[in-house]
Amino acid sequence: MKVAIMGYGTIGSGVVEVLEENRDVIKDRLGDVLEVTKVLDLREFEGDPIQSKIVHDYKDISEDKEIAMVVETMGGVEPAYTFVKAMLQAGKHVATSNKALVADKGADLIRIARENNVNFMFEASVGGGIPIIRPLLTCLTGDVIEEISGIVNGTTNYMMTKMYTEGSEYEDVLKEAQDLGYAEKDPTADVEGYDACRKIAILTSLVAGQQVDYNDIPTEGISHITATDIKYAKKLGRTIKLLARSIKTKDTYSARVAPYLLDADHPLYSVNDVFNAIFVHGNMLGDGMFYGSGAGKLPTASAVVGDLVAMARHIDKNIYLEWKEEKLELEDPSKQSFRFFVRAKATAAEAEGAFGKIEIVDAGIPDEVGFVTDVMTQSAFDEAATKVDVKKYIRLA
Ligand code: HSE
């Protein structure tokens, strides 16, 4: 079965590596060989064995009748969207690892795939190599998913783990993560939570069955977290993790991406370093958790190859999946309720005057008071926070 790859970067070359390394087992499981015949890239890769397969025009793939399946590992929305759409319209199945494309155009591409009796699969777009999309779409179709809480960004989880274990400052761990190749030179998408936001938008769209606009999800990153915040977290017996959360309400979902303080009983408390984990609560399942390698060349490529095998097994059939294009109105985030940890330039009495019942947290930091509020809505918190000089707040999960 002939396969083309669009984008021969880290993940695209990883797909070639997985298909070569595991050629025999894949052949045994599928009863066919998945053979990469064309690779679309702007570069030539002179001297690389892939060189003879390189093409520069996507039409060399879309018009090639022998190619049944295409992998998209280019990243970004355009030109990936134009190319993927053309492939689906040409009757080719597409597997992608591109969360920006799926979050933005998922509903549209799923409809186009259906109209052309092919499949558009995207297991690698959330959680890298961790199976999460297919479990939600197949194994858990008998459940109403009431909560998804995920550590879905490896870079920031590595950084938060380092800050927690070493007591280091944000800038130092960022530099270390960049030196190790975990964080990009421009780390904004990871550290400001944009990557996690797109991933929870995808998962929420899947469990709600309709389009969630990632712009509607309030998103806060980790760049404001300091070594002092970690000191307070330890005093509270908690750690700080960047979570992407979606909770079912009566009619919709309530979503947020932000750093949260987790206590030791929380299932995501011990998910450290670059690992990812997605906690799911279903109304029949109860609790479930998916843990593993959430990023990186081979784990992500493994998920793409899993999609290729699934598509090869359904080569003449579109597997129905519900993701309506009509936008889901998420719950107003100001109605979400939390306990808040607060650092304020105030006395304990002033803090109590503003927030009502509070629990003081003494981490030995001069000229400020640290405390935890009772459960309150975001809007009530915002109102109370105007009454004292709040330096920082972090929600408890
Ligand atoms: N930058 C992402 C991360 C890569 O750190 O998790 C996987 O999407």
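Biologist: Where is proline 79 found?

Modeller: Proline 79 is found in the loop between β4 and α4. Helices are DSSP runs of H or I with at least four residues, strands are runs of E with at least two, and both are numbered from the N terminus. A cis peptide bond joins glutamate 78 to proline 79, with omega at about 5 degrees. This is a predicted model, in which local features need pLDDT of at least 70, side-chain atom pairs count only at pLDDT 80 or more, and totals for chains, interfaces and linings use all residues. Residues are numbered from 1 along each chain as its sequence is written, and side-chain values use heavy atoms, with hydrogens and water left out.

Biologist: Which residues of α4 are buried?

Modeller: A residue is buried under 20% relative accessible area, exposed over 50% and partly exposed in between (1.4 Å probe, protein chains only). In α4, the buried residues are Ala80, Tyr81, Phe83, Val84, Ala86, Met87 and Leu88. The helix is thus mostly covered, with seven of its 10 residues buried. Glycine 91 follows α4 and has a positive phi, near 80 degrees. Glycine 91 has its place in the loop between α4 (80-89) and β5 (93-96), and counts as partly exposed because its relative accessibility is 37%.

Biologist: Which residues other than glycine have a positive phi?

Modeller: Aspartate 273 is one of them, with phi near 55 degrees. Aspartate 273 is found in the loop between β10 (253-263) and β11 (275-282), and is partly exposed, with a relative accessible area of 35%. Aspartate 367 is another non-glycine residue with a positive phi, of about 60 degrees. The loop that holds aspartate 367 lies between β16 (358-361) and β17 (369-373); at 64% relative accessibility, aspartate 367 counts as exposed.

Biologist: Which members of the largest nonpolar core touch the most other members?

Modeller: In soluble globular proteins, nonpolar side chains tend to be buried together. A nonpolar core is a set of buried Ala, Val, Leu, Ile, Met, Phe, Trp, Tyr and Cys residues joined through side-chain atoms within 4.5 Å. The largest one here has 82 residues, and Phe120 and Phe122 touch the most other members. Helix α5 (residues 99-115) gives the most to this core, with eight residues. Contact means heavy atoms within 4.5 Å. Not counting residues up to four places away in sequence, phenylalanine 120 touches Val84, Leu88, Val94, Thr96, Leu101, Val102, Leu109, Ile110 and Ala113. A second, separate core has 30 residues, among them Val16, Ala95, Ala301 and Val305.

Biologist: Which residues surround the ligand?

Modeller: A residue is near a molecule if one of its heavy atoms lies within 4 Å of it. The ligand is surrounded by Lys99, Asn153, Gly154, Thr155, Asp190, Asp195, Lys199, Gly294 and Ala295. A polar contact is a pair of N or O atoms within 3.5 Å; within protein, one must be able to donate a hydrogen and the other to accept it, and residues adjacent in sequence count only if both atoms are side-chain atoms. Oxygen atoms of the ligand lie 2.5 Å from a polar side-chain atom of threonine 155, 2.8 Å from one of lysine 199 and 3.5 Å from an N or O atom in the side chain of asparagine 153. Taken alone, the ligand exposes 260 Å², and the protein buries 80% of that; such areas come from the Shrake-Rupley method with a 1.4 Å probe, and for residues only the protein chains shown count as cover.

Biologist: Is threonine 155 buried or exposed?

Modeller: Threonine 155 is buried, with a relative accessible area of 9%. Threonine 155 belongs to helix α7 and, leaving out residues up to four places away in sequence, touches Tyr182, Ala183 and Asp190. Asparagine 157 is also found in α7 (residues 154-166) and is buried at 2% relative accessible area. Beyond neighbours within four places in sequence, asparagine 157 is in contact with Ile151, Lys241, Val271, Asn272, Asp273 and Phe275.

Biologist: How many Å should helix α12 span?

Modeller: The expected span is 1.5 Å times one less than the number of residues. For the 17 residues of α12 (residues 297-313) this gives 24 Å, which agrees with the 24 Å between its end C-alpha atoms. Histidine 314 is found in the loop between α12 and β13 (324-327). A polar atom of the histidine 314 side chain lies 2.7 Å from the backbone oxygen of alanine 310.
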